[in-house]
Every structure is written in C-alpha cells, then in structure tokens.
Amino acid sequence: MSTSTSTSTPRPPCKVKLSPVHGNGVFATRPIEAGERIIEYLGERIDWPEALRRTEASDGPVNHTFYFSLADGNVVDGGSRGNDARWINHACEPNCEAYEEDGRVFIHALMEIEAGEELNYNYALVYDERHTPAVKRAFGCLCGTPGCLGTMLAPKKRKSRAKAKTKT
Ligand SMILES: C[S@@+](CC[C@H](N)C(=O)[O-])C[C@H]1O[C@@H](n2cnc3c(N)ncnc32)[C@H](O)[C@@H]1O
Ligand SMILES: [Zn+2]
C-alpha cells in the first residue's frame, strides 16, 4: 500500500483585485504580521536608457509606471516578466515598505495587516523636471490615508544652502 504525502503549497498571502484607489490593487488574503516579507517585486532588469525607450514606445500615460528604481541605477520593469507585486498601489501612510536586498526588491509589512486590507507602499517617485501644477495633478494621489500629501512624487531635493549661495 502506498502512503500519500501532502505536497500542498502554502496559500499566497495576497491576491490581486480591483482597488478603490486605482485600477488593480493587491489585498491580504490572511492576517499578515508586522515585519513579514510578503512578496518579491519581480520583473525584467533593465537600464534607464532602455526604460525611457520603453516609456516612449508604449505611448502610455506618463503618470503610470511599473518601474522600480534600484540603487545601482538600473530598473526592475514589472511590466515585463513581473508578478502580482506590480499591482500594489502607492499610499502616503503605507502599511508596507519596499526594500532592496542584494539587488532584489521585497515588499514587507510595516505593521499588522488584516485579511482583506489593501497593501500599499510609498512609491516616493523621483521626477526631475519642474513639479508644475499639471505634473502634480498627473501624479495626484488618491490613497485616502489621513496623511495623504496629494501626490505620489517625492519632494524635490532642495539645493543645500552652500550650493544655493552665489555671493558671500
Ligand atoms: C504599479 S501600478 C499599480 C497598479 C495600478 N493600480 C494599475 O491598475 O495599473 C502604478 C500606477 O498606479 C497608479 N496609482 C498607484 N497608486 C495610486 C494612488 N495612491 N493614487 C493614484 N494613482 C495611483 C498610478 O498610475 C501609478 O503609476
Ligand atoms: Zn496619498
């Protein structure tokens, strides 16, 4: 008589469904503990010139991105060979954080998250051009968290006083 062994894979901690914030979002399927690693942000690793080329070729809206910038200056393109992590929306007061470890990006919980809650992290998008009102509108944030800043863009770095000073 043969004995059967259970080879069931653990249920993923999150799933994709429509979000009240924007398009698709990612939601906890079970309670998630603070500090828990939830999912890796997968995608094709490309350099910035290639990322810009793809953006121009796609003709998509400038305010929609699946790119995740890496510390080495490269980019993970979640739109190519990506996984569910690419659907995680931004929030100004997020319940998750994206962090880089050995060139890989992981999403982990900043706090306890209940089953059914939407996952989010702060994109802190860097946009080097002028943050005109039109740009701010295009990157407007709909996260609805109490501390919402109204934008997904990271504040522009101010010139240091030493650099800004031209005369002494
Ligand atoms: C990586 S996608 C996230 C998935 C997105 N909801 C979708 O269905 O494509 C990132 C894009 O989603 C939109 N998005 C994410 N969070 C948002 C927020 N808090 N407010 C407004 N738009 C948001 C922006 O267009 C952003 O560039
Ligand atoms: Zn917000």
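The four donor atoms around the zinc ion (ligand 2) subtend angles of 104 to 116 degrees, so their arrangement is tetrahedral. For four tetrahedral donors, the ideal angle at a metal is 109.5 degrees. The model is predicted: local features need pLDDT of at least 70, side-chain atom pairs count only at pLDDT 80 or more, and totals for chains, interfaces and linings use all residues. Residues are numbered from 1 along each chain as its sequence is written, chains are lettered from A and ligands numbered from 1 in the order in which they are written, and side-chain values use heavy atoms, with hydrogens and water left out.

Stay with the zinc ion (ligand 2). Its protein donors are the SG atoms of Cys92, Cys141, Cys143 and Cys148, at 2.3 to 2.4 Å. Donors here are N, O and S atoms within 2.8 Å of the metal (3.2 Å for Na, K and Ca); water is not among the atoms, so sites may look incomplete. The spacing of the donor residues in sequence is C-x48-C-x1-C-x4-C. Cys92 and Cys148 link distant parts of the chain, 56 residues apart. Cys92 sits in the loop between β7 (89-90) and β8 (96-101), and Cys148 in the loop between α2 (133-138) and α3 (161-164). Helices (H or I, at least four residues) and strands (E, at least two) are DSSP runs, numbered from the N terminus. Cys92 counts as buried because its relative accessibility is 13%. Cys148, at 29%, is partly exposed. Buried means under 20% relative accessible area, exposed over 50%, and partly exposed in between (1.4 Å probe, protein chains only).

Now turn to ligand 1. It is surrounded by 19 residues, and the closest are His22, Asn24, Asn63, His64 and Asn89. To be near, a residue needs a heavy atom within 4 Å. A ligand nitrogen lies 2.7 Å from a polar backbone atom of His22. The side chain of Asn89 places an N or O atom 2.7 Å from a nitrogen of ligand 1. A polar backbone atom of His90 is 2.9 Å from a ligand nitrogen. Taken alone, ligand 1 exposes 570 Å², and the protein buries 94% of that. These areas come from the Shrake-Rupley method with a 1.4 Å probe.

Next come the charged pairs. The whole structure holds nine salt bridges, each a side-chain nitrogen of Lys or Arg within 4 Å of a carboxyl oxygen of Asp or Glu. Glu40 pairs with Arg104, with the closest N and O atoms 2.7 Å apart. This pair joins strand β3 (residues 37-40) to strand β9 (residues 104-109), across 64 residues. Glu40 is buried at 17% relative accessibility, whereas Arg104 is partly exposed at 42%. Arg45 and Asp72 form another salt bridge, 4.0 Å from N to O. Arg45 is in strand β4 (residues 44-46) and Asp72 in the loop between β5 (67-69) and β6 (75-77), so the pair ties together parts 27 residues apart in sequence.

Finish at helix α1 (residues 48-58). Asp47 caps its N-terminal end, with a side-chain oxygen 3.0 Å from the backbone nitrogen of Glu50. The side chain of Glu50 also meets Arg54 in a salt bridge (2.8 Å, N to O). The two residues are four apart in α1, so about one helical turn separates them. Both belong to a salt-bridge network that links Glu44, Glu50, Arg53, Arg54, Asp77 and Arg81. After α1 comes Asp59, with a positive phi near 60 degrees.

Definitions and conventions: Polar contact = N/O pair within 3.5 Å; in protein donor to acceptor, adjacent residues only side chain to side chain. Tetrahedral: all angles 85-135°; square planar, octahedral: opposite > 155°, others 65-115°.
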